[in-house]
Amino acid sequence: MDLTLKIWRQKGPNDKGRLETYQVKATEEMSFLEMLDVLNQQLIEEKKDPVAFDHDCREGICGACSMVINGRAHGPQKATTTCQLHMRHFKDGDTITVEPFRADSFPAVKDLVVDRSAFDRIIQAGGYISVNTGQAPDGNDIPIEKGIASKAFDAAACIGCGACVAACPNASAMLFTSAKVSHLSLLPQGAVEGERRAQLMVNQMDKEGFGNCSNTGACEVECPKEISISNIARLNRQFIKSSLSTDKVVE
Amino acid sequence: MIKLDPKIPKGPLAEKWTNYKGTMNLVAPNNKRNIEIIIVGTGLAGASAAATLGELGYKVKVFTFHDSPRRAHSIAAQGGINAAKNYQNDGDSVYRLFYDTIKGGDYRSREANVYRLAEVSANIIDQCVAQGVPFAREYGGLLANRSFGGVQVSRTFYARGQTGQQLLIGAYSALSRQVASGQVELYSRHEMLDVVKVDGKARGIIARNLITGELERHAAHCVVLASGGYGNVFYLSTNAMGSNVSAAWRAVKRGALMANPCYTQIHPTCIPVSGSYQSKLTLMSESLRNDGRVWVPKHKDDVEAIRNGNKSPNDIHEEDRDYYLERRYPAFGNLVPRDVASRAAKQACDKGHGVNKTGLAVFLDFGSAIQRYGKSEAYKHGIENPDQKTIEKYGKQVVEQKYGNLFEMYEKITGDNPYETPMKIYPAVHYTMGGLWVDYNLETNIPGLFSLGEANFSDHGANRLGASALMQGLADGYFVIPYTIGQFLSHEIRTPKIANDTQEFIDAEKSVTDRIDKVFSVNGNKSVESFHRELGLIMWEYCGMSRNAEGLQKALGLIRELREEYWKDVFVPGSKDEYNPELEKALRVADFMELGEMMVKDALNREESAGGHFREEYQTEEGEAMRNDEEFAYVAAWEWNETDEAVLHKEPLKFENVELKVRSYK
Amino acid sequence: MSWFSRFFVSSIGRKLIMGLTGLFLILFLVIHLIGNLQLLNDDEGFSFNTYAYFMTHNGLIKTVSIGLYFFIILHAIQGIVITIANRKARRSRYAVANTQITSWAARNMAILGILILAFLFMHMGDFWLKMKLGHLDMVKYEGFDVPVNDLYSRVYTAFNVWWIVLVYIIGQIALYFHLKHGFASAFQTLGWNHPKYTPIIKGIGIIYSIIIPLGFALIPLYIYFVK
């Protein structure tokens, strides 16, 4: 199939950036990233600068790939990362616009690559259970109800790709933050420091400059792991409770 | 020849580790504060080591080329993690896990290391549960297990099909906690490009800031490499695109030894290559072989018809199908171990029976399973004489419950509906058992240079059992290195902070700069990618699922030629002072080419068939692998030298606790 | 910063204010509509005008109405602050806008809010302010002790002007969209999300967001076309 690609090119954080148009031939079996590989080979052969994009596992789990395709984070398919998106979902003659995940908290690096280290800092603020290696009791000492474990898993399935931020009209990171808070606080071993965690992680999220959640639900639709906004409600609950009802003040 | 001392503690096998821990040298907390450790890699092994060493009070710097530690390829492991917990009361024990691992590795691993691995396996589960890893549970709230290939007990813990992801997130969060506390400094988007040795000891690295292109010198009292395996030497593999050998290879270029590089695990059930643009291969879980039947058409005209699309696989009559695994291995059938299943698929395709356009695919068919399940399910619903439609409806329901997510993934990638038409699968490179040679302390032959996880060679011998990679990575990081690193560091408490402006660092940085300049200066016409693909084809053809002396000799020549061509004709766009993924790849591929040569030499040297290494000359009349314990029960540790002639060093393997046997699946 | 102010400037704290004030206004709308429906009584404005008198002279109601004005302003200010922060969170816009996965209402809460606020100013200026400044005629009803403002007549005068009716209709359409997203959204913000009850809340929200603006819109339409 013959495709027209309009790809966001930006030399670096200080460059303004613009959409540039390319022609590429693809086949239906290719993944979207393989189609970009073909384009890059073409560009290299012409001694031009290839398009930079983040990618690694190419099986939908590492969370590295990150592009907005025709306005949709990770493209039009449900529960699919860009690397799992295949060209059979496009037609011969299509024009496809490819942009980076845009958010001021995800500063541009180059072309389609952005810096998502804000997510790491949110995790560092409190996205863990404070247990040192070797301190653990036997794995079966605390029974965890199957449904609870399963719910915790649903939240833990987050791959940290940032599609929630990219898709949110407000560039809010609430789905990411709430997924992590939910994963840990649903489990008894993580509930111990649940209130403190909610405080610390939300504070960091705010500090990073993400927007505010206005419950549009865009994140839930675009999340490749289909993480539910019920997690956001849980975080709201925990944050409100921990702010207003405990006698502790988290600094 | 370097004398390789594995430093295995004395005493009975079961007491070695306990006694060793009890008597080893320690570093006092006030000294730990002043000791710096560099860790390269943030997968299961690297992240768990960094977190634990940080908790202990060492000053840790951890490096990853990814934008976040959480992207390391450990994240893609699906199946599970083994541990000798015996929660199922089915007779599991530390010894049994040890024995299964030694036997699964075709008797080519070190007894003491494997026993220690089995011993600490139980602690790993406890640790991960405490960190909040949401393992699968029973209704009673206790941990669930499943069984995996090659063993008779149920000892695999799992978190749906994403166990690796959940374990890595656990290690990553523990690491993040240390980063927040200031014990660990995190350098993401930094790639290690050299190890710096001072007075023979590893004292630092040269890293490139991948965003700015700047080279940085980082000094420390010791260096730990946990940089993963080298399966991407084959270009196409189930590894991530960025997985590479460079960190380990840089160590080799500084004198570390590469052990058993030819041991490569080929996984039998992957989605086949669909065209020349293909960038990576996707694994389909081994569990599919429980119900799927592997076959190819008996007749070539049927093969042709399927390839042309004139016939669908469902048109081929039962008597015209060759269920070759069931035919050749009646006792194990479709459930033979990975290496056996992979070779059989290759043989079928080599004979021209491959069922896709490229001729490199076999069918994995759930038709029989759907029929079987459908009938029994219909019976359960009180239908005595179900019609075909009812059977299929119920059968598909059962198959969906068991394998729904895998079927979905398959359909996403191929566009075929595996409920209607059989899956096409083909073996693919999955894991490398070989790696940096390390002793019992996980220290390489360079003092102060340690290696963990897939990057070292230590525990899996010639073949790794399913669900053991995660176990080894975390064992090394959480429970082994925090102790054994003290054996080295306890002698370093008087060593002041290592300076990074000494001649050694200046020289190392210069050599990296030269290497980068050199690759730009070629300014040829071919892309890095095209060389990588060519290398992959050579490796797959001659040093893949089966090998022979003639092919390996030929491969040596081909790789040499490719290397020469590379340095004459490669083209790297852009400059070194910017974010430049092509430059990153160029340096990695250059290393892969050198490694590839060493793999071929190792494969040539090992004149036997063991685990993932199958030499066609050494097989039984029925085509089964033939080990040679008399001559090859050793670790082949290779030294690189400047004349490009790798030197072999041998570490004999002593088996005092298990009896060496031949594996048979007939 | 004290825990109190820190909470209320945090992203979730701000949203809590939006949610709580929103829910209060939702309650207010119900009462306001019930009261206003008295305009349709065929009694020369007796019930409506005496109701208006009660609402402006009862001590408790007066106190609550101060709260109401405060909450409206708070809701508006917070909304504007949040919207500005949200726009700052993404200064470079997408070339291809994603409009397929979210509702128009959810994306345009701020614009709708501003429209409603503007409408509110006009609405208050037209009736409430005129009454407060004493510009209305007084009327004395039998059976009622004191003369009262004839707000009823003022409303009828206004709603016989076609463009005022049109403005009211537009205001109610804006209110419909604002409520359509706002109603269920407020519960989500308070953390009330439950697999069993959330669908019910959403259902009620839809019904509410139709009935209330429709009720309000019927009054000018009825007066313009029927009376």
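Biologist: Start with chain B. What is the radius of gyration of chain B, and what would a compact globule have?
Modeller: This is a predicted model, to be clear. Chain B has a radius of gyration of 25 Å. A compact globule with 666 residues would have one near 26 Å, so the two agree.

Biologist: What box do the C-alpha atoms of chain B fill?
Modeller: Roughly 85 × 60 × 50 Å, along the principal axes.

Biologist: How many helices and strands in chain B?
Modeller: The secondary structure comes to 18 helices and 21 strands.

Biologist: And how is chain B divided into domains?
Modeller: Domain 1 covers 13-263 + 433-496, domain 2 is 269-429, and domain 3 is 504-626.

Biologist: Take domains 1 and 2 of chain B. How many residues are in contact?
Modeller: 14 residues of domain 1 of chain B touch 14 residues of domain 2 of chain B. The C-alpha centres of these two domains are separated by 36 Å. About 1,200 Å² is buried between them, with carbon and sulfur atoms giving 56%.

Biologist: Which three residues of domain 1 of chain B supply more of that area than any other three?
Modeller: B:Gln78, B:Leu236 and B:Thr238. They supply 46% of what domain 1 of chain B buries against domain 2 of chain B.

Biologist: How many salt bridges between those domains?
Modeller: Zero between domain 1 and domain 2 of chain B. There are three residue pairs in polar contact across that interface. On the domain 1 side, the residues are five nonpolar, eight polar and one charged.

Biologist: Switch to chain A. What are the domains there?
Modeller: Chain A has domain 1 at 2-99 and domain 2 at 116-244. Their C-alpha centres lie 30 Å apart.

Biologist: How many salt bridges cross the interface of domain 1 and domain 2 of chain A?
Modeller: Three. A:Arg72 forms a salt bridge with A:Glu222, with the closest N and O atoms 2.9 Å apart. Seven residue pairs are in polar contact between the two domains of chain A. The domain 1 side divides into seven nonpolar, six polar and three charged residues.

Biologist: And the area buried between the domains of chain A?
Modeller: About 1,000 Å², of which carbon and sulfur atoms give 47%. A:Gly63, A:Ala73 and A:Ala79 supply 38% of the area that domain 1 of chain A buries there, more than any other three residues.

Biologist: Now between chains. Which pair has the most contacts?
Modeller: Chains A and B, among the two pairs that touch. That contact takes 73 residues from chain B and 73 residues from chain A. The area buried between chain B and chain A is about 6,100 Å², 52% of it from carbon and sulfur atoms.

Biologist: Which three residues of chain B supply more of that area than any other three?
Modeller: B:Arg71, B:Tyr277 and B:Lys412, with 12% of the area that chain B buries against chain A.

Biologist: What about salt bridges and polar contacts between chain B and chain A?
Modeller: Six salt bridges cross the interface of chain B and chain A. In one of them, B:Arg160 pairs with A:Asp154, the closest N and O atoms being 2.9 Å apart. Polar contacts come to 45 residue pairs.

Biologist: Which helix of chain B gives the largest share of the side that touches chain A?
Modeller: Helix 6, with nine residues. By class, the side of chain B that touches chain A has 27 nonpolar, 28 polar and 18 charged residues.

Biologist: Where does chain C sit relative to chain B?
Modeller: Chain B and chain C do not touch. Their nearest C-alpha atoms are 21 Å apart.

Note on methods. Residues numbered from 1 in each chain as written. Chains lettered and ligands numbered in written order. Predicted model: local features only at pLDDT ≥ 70, side-chain atom pairs only at ≥ 80, totals over all residues. Heavy atoms only, no water. Domains from an automatic or database assignment. Contact = heavy atoms within 4.5 Å. Buried area = accessible area lost by both parts, 1.4 Å probe. Salt bridge = Lys/Arg side-chain N within 4 Å of Asp/Glu carboxyl O. Polar contact = N/O pair within 3.5 Å; in protein donor to acceptor, adjacent residues only side chain to side chain. Nonpolar A, V, L, I, M, F, W, Y, C, P; charged D, E, K, R; others polar. Helix = DSSP H or I, 4+ residues; strand = E, 2+ residues; numbered from the N terminus. Rg over C-alpha atoms; globule rule 2.2 N^0.38 Å.
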